[in-house]
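Colleague: I would like to learn how to read a model of this kind, feature by feature. Please give me the general idea each time, and then the case at hand.

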Amino acid sequence: MTGQMSPEHAPDGTGHQPVEMNDADGQPIGHGLPALPPDEPIKNPGLPVHTWRPTDVDPAMEKRAERQIAALFGLSAVCGVLFVVAYFNVGENETVIGLGAQTVALGSSLGGALLLIGIGIIQWARKLMADHEIVEMRHPARSSDEDREATLAQLSQGAEESGIGRRPLVRNSLLGAVTVLLAPAVVLFRDLGPTNAQVTEAGDYPGAGLEHTVWDRGVRVVRDVVGTPIRPSDLEIGDLVNAEPETIFAVDEDGEPLLEGVPLQVAKSKGAVVLTRMDPADNTPGEGREDWDVDGILCYSKICTHVGCPISLNERKTQHLLCPCHQSTFDLADSAKVIFGPAARALPQLPLMVDEEGYLVAQSDFREPVGPSYWERDSDASTTEIE
Amino acid sequence: MSIDTSKVADSNTTAATAKKPNRAGAAATWADDRLGLATMMKKNLRKVFPDHWSFMLGEVALWSFVVLLLSGVFLTFWYVPSMGEVHYEGSYDPLRGVEMSEAYASSLKLSFDVRGGLLMRQMHHWAAMLFIAAMMIHLLRVFFTGAHRKPRELNWVIGCLLLLLGTLEGFTGYSLPDDLLSGTGIRAADGFLKASPVVGSYMSFFLFGGEFPGDAIIPRFYTIHVLLIPGLLLALITAHMLLLVYHKHTQWPGPGRTEHNVVGYPMLPVYAAKAGGFFFIVFGVTALMGGLLSINPVWLFGPYDPSKVTAGSQPDWYMGWPDGLLRIMPGWESHIFGHTISWNVMVPILLVPPLMLTILILLPFLESWITGDKRDHHLLQRPRNAPTRTAVMVSLMTFYGLSWAAGGNDLIAITFDLSINQITYFMRVAVFLGPALAFIITKRWCISLQRKDEEVLLHGYETGIIMRSPEGGYSERHLPISEARAFTMTARDRDPDLAELQSGEDGVDANGLEPKRSPLAGIRRRLQTTMYADNIQKPTAEELEAAHHHAEHEHELQAAMEGVSADGHQFDGHHLVEEETLRGDH
């Protein structure tokens, strides 16, 4: 075989002519393949001569490889059995090297069983299967000119026979109908959810919609998790307390919680606040917020104005609050304005007062939407006035 | 080529003898009568696949996808995609009695009460990471070796889409346990949606079935995760493989290998055995990882509570780079006519990642537009032989790497006791400077390697033998490299002659007028010049001959000194020294 394939061979679709090519400087076959440049400095020396492996020429080596491979498969089977044994015998509460003993046992035995099969098969391929490299000719990805013409002819015949070109009325009305069909496909998804405006208007639960939260005049600020109300005297200067509106812990006369399920989750997701106490001299209250603190106790939304992570890292000395998600930093002593990081707006502040029993309560809801920005948010509006 | 069969062990060459018709044969006949399998299979059973370790990377991705399908089906038998609230009563003590979603409770059940459940959960998660990592490295291999060129551009596009879908699949997957960490991720995603201009709040309310968090997101993500995206992945992987078979695999240049052939092992038996065996290896490695390496211990995070968060919250690593951009983006926001435009979220999440994906998809098309190369390519290139292309990808990788590192700015600050502010300021500059610097360094590095190749081709390799001339000068002896290696090094295209390439556009036309050039053509010319600038071309036949002639001449000169090396030098390790003694009377 000289490697000079006749041009008829390759593009016929089979393209599969395993040939040993010694002289690989063949002619370009078919279209699309680049012609070999004429000035190659070194001639293609052709495929290297095949060399025999020890297992090809030495029956002892061959036998040894065979035994090796069988041993790998045998060990794999042992691992498979061990898996079953471990499944029924290793307790769920035992631990080994700090991990669940059962998971370790099952994982190692399964891993061993699989790996040994894999290694065995590859060893078989490398040592015992024939290792002659063979050569296959490529054919260009494109179709031949004849095929192209034949296909085009068929397409135009089809177009002609259907009359799609001659009957624009039929064609365009079909296109129109199919286009209109997009509308049902889109409309069908309308009930994926209500819009913000609908949620706000329906008001199915307290604080519905992006503009509102469950906070309201007189709602107590309570500790999260336990739900106990807080007196100003409970807080020392420098303290930071995670708090919630009392509403999420409230129960009716039968002891059933007022908020459950989605309304509860929504209330938590917007109502979470942090309460901090500082020396009133350190605080620089914002304009119109002079009476929002109680003896230096300030309350801010816990929901980051960046993308909505709850904020929790407090630097006690500097009164800085850091968001653990993207490190936006807010200065609690200066209306929680952003002093670092990707957030653009200050944390909304909840105006505080004390009720007749001496507990901290809200003066009103937040005066601006909490959480991340959205298109309809009027961020130029006042953040202190009640609407 | 003749095969010397005299050396072959007998047992390995026994020809398969035709057997009497048996049951298997009868079944095959039955099937072929109806399906015509033989015609289809005869073309493919002995199909040739070239061998190289780097071709295994795509296989890792393929097989880890199979592991994902298998382990994922197992998980669906116990996982409950519901946000309905339950009191946990399972066997994990610290959370007993805690209110949580059914999704989280069933994840705990899988972890503690289903034998092998935690193994499968961890295998599934590890396989997902392996899947995405293997796709990324496979993509880099393809691009660095030029395998994205014609006729494989569309397979490149499919690959990019697979990477995108794999990432989304990963995100929806790690959101499903509904633990505190994954819930924080979903909440951030809600923030991203809301930042979209005009439609943001609508998208958020539609996705969550109302106000965040609602009770719809987990079941919806579940359908997307187990049906929609896997279906698309499966379809695209099938297309990817079919195109691979149709185009035939690319191969490295070497003796006997040309643009017109493909040299390697036949699918049956060697390639099928190697690939099939490799499936078991990937599967086995995943099982070992799932058994021995803890991942995503959701029981430690607790159920999702929208008012809580843990420090050091981070997404899975493949979502890290947009998260990093989000961290280093300055807090820019515009307030116009009662609307809020959050550049601080839009730029790093809604603009840059789609832009990067678009650039990635367009790379093969941009390259062929710049070079004007419309030929088919089946021989791979070494990265050094396409310096600009290599530099472009390293530049993109640098951008990716820096953004990714920025996603861990808090961990870097804690680990190295640095100021998080300074890291962030540094990163803001580094994501622009780093890629530019990486481009220049990579390009120069590639060209240096090309120079080294040229030197080896022309002057041979360094033998380590130092020769001293009678005049007292020292020189290292070079010997020519083997013909096979020399051929492999020269089996690459010469870059086109720029002057010739651009003369057509440049010259005056028949009327002696300058042809009008569109601004785009001008850009293309400049890019073309940059593409090839300073590249080293392989030597011509004449150059090679001249160099060899020169070498022979030198060897002749040195021949006089052969065997009369300076005293002691006969022990240089290059000669037999049994009979040698030191001259003189030492």
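Colleague: In which order do the strands of the open sheet in chain A lie?

Modeller: Strands of a sheet pair through backbone hydrogen bonds, either parallel or antiparallel. In this predicted model, four strands of chain A form an open sheet in the order S8-S9-S10-S11, with antiparallel pairing. The edge strands, each of which pairs on one side only, are S8 (313-315) and S11 (337-340) of chain A, and the twist averages 35 degrees from one strand to the next. Strands here are DSSP runs (E, at least two residues), as helices are (H or I, at least four), both numbered from the N terminus, and two strands pair if DSSP finds at least two bridges between them. Axes are lines fitted to C-alpha atoms, for helices over the stretch in contact, and angles run from 0 to 180 degrees between N-to-C directions.

Colleague: How should I read the numbering and the confidence limits?

Modeller: Residues are numbered from 1 along each chain as its sequence is written, while chains are lettered from A and ligands numbered from 1 in the order in which they are written. Since the model is predicted, local features need pLDDT of at least 70 and side-chain atom pairs count only at pLDDT 80 or more, whereas totals for chains, interfaces and linings use all residues.

Colleague: How many bridges join S10(A) to S11(A)?

Modeller: Three bridges join strand S10 (residues 329-331) to S11(A), and the two run antiparallel; the partner of Thr329(A) in S11(A) is Phe340(A). Elsewhere in chain A, S4(A) and S5(A) run antiparallel over three bridges, with Val221(A) opposite Pro245(A), and S5(A) is in turn joined to strand S6 (residues 273-277) by four bridges, again antiparallel.

Colleague: Why does Asp239(A) count as partly exposed?

Modeller: A residue is buried if 20 or more other C-beta atoms, placed from the backbone, lie within 10 Å of its own, exposed if 12 or fewer, and partly exposed in between. Asp239(A) counts as partly exposed because it has 14 C-beta neighbours inside 10 Å. Asp239(A) sits in the loop between S4 (221-223) and S5 (240-245) of chain A, and its C-alpha lies 5.5 Å from that of Thr276(A), although the two are 37 residues apart in sequence. Leaving aside residues up to four places away in sequence, Asp239(A) touches Thr276(A) and Arg277(A), where contact requires C-beta atoms, placed from the backbone, within 7 Å.

Colleague: How many residues of each chain are in contact across the A and B chains?

Modeller: The contact involves 112 residues of chain B and 105 residues of chain A. On the chain B side, helix H10 (residues 267-292) supplies the largest share, 17 residues.

Colleague: At what angle do the axes of H13(B) and H19(B) cross?

Modeller: The axes of helix H13 (residues 343-371) and helix H19 (residues 519-532) of chain B come within 8 Å and cross at roughly 95 degrees. That makes H13(B) roughly perpendicular to H19(B), given that angles under 35 degrees count as roughly parallel, over 145 as roughly antiparallel, 65 to 115 as roughly perpendicular and the rest as oblique. Trp369(B), Ile370(B) and Thr371(B) of H13(B) make the contact with Arg524(B), Leu527(B), Gln528(B) and Met531(B) of H19(B).

Key:
Contact = placed C-beta atoms within 7 Å.
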